[in-house]
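Below are some notes for a colleague who is opening this entry for the first time. Please read them with the chain on screen.

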Amino acid sequence: MPDYTARRTMMVDTQVRPSDVTEFTIIDAMLRIPRELFVPSDKTEFAYIDEQVVLEDGRVLLDPRLFAKMLEVLDLTKTDLVLDIGCGFGYSSAVIARIVEAVVALEEDDTMLREAETLLSDQGADNVVLQSGALDQGAKDLGPYDAIILQGGVETLPDQVLAQLKDGGRIACLFMKGPVGSVKIGYKLDGAVSWRFAFNGAAPVLAGFEAKPEFVL
């Protein structure tokens with residue numbers, strides 16, 4: 001049987017730390033959460049590679065480097081309430097739950113949502129609240145949020161998602177333009193969000209976050 005603990009350590013030592021991720025809580029969480037459990041059973045062998053792992057219907061588990069760097073630039077704290085949009089089988093929420101006070105894990109795929117419920121319970125992540133619903137609608141009833149993170153790319157960000165961010169909160173988004181993208185952090189102040197570039201990355205665009213086609217006469 002593969003030594004997943006050793007693979008987890010190697011993932012952190014060769015992918016996460018060299019990517020300027022220094023926050024202990026992130027490193028500790030990624031060392032502790034068994035990533036291999038949060039992918040389809042036929043993909044466990046690929047759980048720790050430096051690539052995205054395909055989940056269902058075009059959805060992916062972000063590669064460890066990209067995910068860890070997004071958490072680092074979000075600057076999460078123990079008192080934060082975080083909205084995790086597109087949690088898939090729950091890996092991202094399990095990691096974030098070890099860093100913050102509480103996580104709302106939003107997923108629209110019923111199969112992944114049911115599996116996430118079991119997996120998160122098995123990991124003792126009792127500060128994660130699973131929410132079923134369209135990703136582009138967010139989870140308004142449980143907000144507002146100190147931080148929001150999206151587990152996939154976006155071309156456009158719906159106003160209703162930004163509206164769920166607290167004043168003083170921040171949001172991490174991977175904005176895609178064709179095959180390339182950039183992670184930006186948005187800071188909300190007095191109701192307006194200002195963005196700053198963090199680093200480059202790429203991932204499939206989440207359903208509901210595609211650019212709207214322009215009408216041309």
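1. Start of helix α1. In this predicted model, a side-chain oxygen of D3 comes to within 3.3 Å of the backbone nitrogen of T5, at the point where α1 starts.

2. Buried face of α1. Helix α1 covers residues 4–16, and its buried residues are Y4, R8, M11, V12, Q15 and V16. Viewed down the axis of α1, these buried residues fall within an arc of 110°, so they line one face of the helix. An α-helix has 3.6 residues a turn, so residues three or four places apart point the same way.

3. E36 sits in the loop that runs between α2 (24–32) and β1 (53–54). Is E36 buried or exposed? Its relative accessibility is 10%, and residues under 20% are classed as buried, so E36 counts as buried.

4. Contacts of E36. Apart from neighbours within four places in sequence, E36 is in contact with Y4, R8, T44, A47 and Y48.

5. Length of α5. Helix α5 has 13 residues, 110–122. At 1.5 Å a residue α5 should span 18 Å, and its end C-alpha atoms are 19 Å apart, which agrees.

6. Faces of α5. Which residues of α5 are buried? They are M112, L113, A116, L119 and L120. Seen down the axis of α5, they fall within an arc of 130°, so they line one face of the helix. The face turned away from this buried side carries the exposed residues R114, E117, S121 and D122.

7. Cover and ends of α5. Among the elements that cover the buried residues of α5 are α4 (91–97), β4 (102–107) and β5 (128–132). At the start of α5, a side-chain oxygen of D109 lies within 3.0 Å of the backbone nitrogen of T111. After α5 comes G124, which has a positive phi, near 70°.

8. N127 is located in the loop between α5 and β5. With a relative accessible area of 17%, N127 is buried. Its side chain reaches two backbone oxygens: that of E101 at 3.2 Å, and that of V100, which lies 3.5 Å from a polar atom of the N127 side chain. Not counting residues up to four places away in sequence, N127 touches A97, V100, E101, A102 and V103.

9. A residue after the last-named strand. E210 lies in the segment that follows β9 (192–201). Its relative accessible area is 37%, so E210 is partly exposed. Leaving out residues up to four places away in sequence, E210 touches E155, T156 and V205. A polar atom of the E210 side chain also lies 2.9 Å from the backbone nitrogen of G208.

10. The chain as a whole. The chain holds 6 helices and 9 strands. Its radius of gyration is 16 Å, close to the 17 Å that the globule rule gives for 217 residues, so the chain is as compact as a globular protein of that length. Along the principal axes, the C-alpha atoms fill a box of roughly 60 × 40 × 35 Å.

11. Burial, contacts and surface. Of the 217 residues in the chain, 51% are buried. Taking contacts between residues at least 6 apart in sequence, 58% join residues at least 24 apart. The accessible surface of the chain is about 10300 Å², and carbon and sulfur atoms account for 51% of that surface.

Terms used
Residues numbered from 1 in each chain as written. Predicted model: local features only at pLDDT ≥ 70, side-chain atom pairs only at ≥ 80, totals over all residues. Heavy atoms only, no water. Helix = DSSP H or I, 4+ residues; strand = E, 2+ residues; numbered from the N terminus. Expected span 1.5 Å × (residues − 1). Buried < 20%, exposed > 50% of the residue type's maximum accessible area, 1.4 Å probe, protein only. Arc of directions from axis to C-beta. Contact = heavy atoms within 4.5 Å. Polar contact = N/O pair within 3.5 Å; in protein donor to acceptor, adjacent residues only side chain to side chain. Rg over C-alpha atoms; globule rule 2.2 N^0.38 Å. Areas by Shrake-Rupley, 256 points an atom, 1.4 Å probe, with all protein chains shown as cover.
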